[in-house]
Amino acid sequence: MVAVLAIMSFVAMQPSMVKSQTIETLEPRFGQTLALVHQAESAGATSTEIGALVALLNKALELNREAAKLSAPDQVQRQAELVAQIDQILMTVENRAADLTALASQRSYTNRVLTYMWGAIAAVLGTILYAFTMSFYQKYRIRRIFQMRVTRK
């Protein structure tokens, strides 16, 4: 969660004056991708699973920064290549985040069901153990009563 918030704040602090029109179109996509990563984390994804997505997002931010610095007319081809790489990375992160959201959600649901099952099993076993304990205690008391001796005073 902290990593996602750090990246979101980093994207928010990016300079708004970007030189290329194609780089500007990627800015909303970063936000959408971060939202998908946040959904995956909210669904119950582990920090190692989220860490791989955050590393890819960091790489995309670095490429975005590098592409924003290219402004000369002879560097347009390199800028287009970087934008294509960024787009590919973002698409990969979005796909992995969607898959991870589904997986984490299913894993959380399964864990919740298993927890309730174990609780029910523990309740049944506790009830059976209590019944046996009470049965043995009653038999013990009855035996003690029959072993008593009545004496005259």
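Which residues form a nonpolar patch on the surface? They are Y109, V113, L114, M117, W118, I121, V124, L125, I128, F132 and F136. Together they have about 1,100 Å² of accessible area. The model is predicted.

## Overall build

The protein has four helices and zero strands. From the N terminus on, its elements run α-α-α-α. Helix 4 covers residues 76–146.

Contacts across the sequence come next. Take those with a separation of 6 or more: residues 24 or more positions apart account for 80% of them.

## Surface and burial

The protein has 153 residues, and buried residues make up 25% of them. Its accessible surface comes to about 11,000 Å². Carbon and sulfur atoms hold 63% of that surface.

## V113 in the patch

V113 is one of the residues in the nonpolar patch. It is found in helix 4.

## T101 and its contacts

T101 also has its place in helix 4. Which residues does T101 touch, not counting those up to four places away in sequence? They are L36, Q39, A40 and A43.

The backbone nitrogen of A40 lies 3.3 Å from a polar atom of the T101 side chain.

How values were computed: Residues numbered from 1 in each chain as written. Predicted model: local features only at pLDDT ≥ 70, side-chain atom pairs only at ≥ 80, totals over all residues. Heavy atoms only, no water. Helix = DSSP H or I, 4+ residues; strand = E, 2+ residues; numbered from the N terminus. Polar contact = N/O pair within 3.5 Å; in protein donor to acceptor, adjacent residues only side chain to side chain. Contact = heavy atoms within 4.5 Å. Patch = residues over 30% accessible without salt bridge, like charges linked within 9 Å, V, L, I, M, F, W, Y side chains within 5 Å. Areas by Shrake-Rupley, 256 points an atom, 1.4 Å probe, with all protein chains shown as cover. Salt bridge = Lys/Arg side-chain N within 4 Å of Asp/Glu carboxyl O. Buried < 20%, exposed > 50% of the residue type's maximum accessible area, 1.4 Å probe, protein only.
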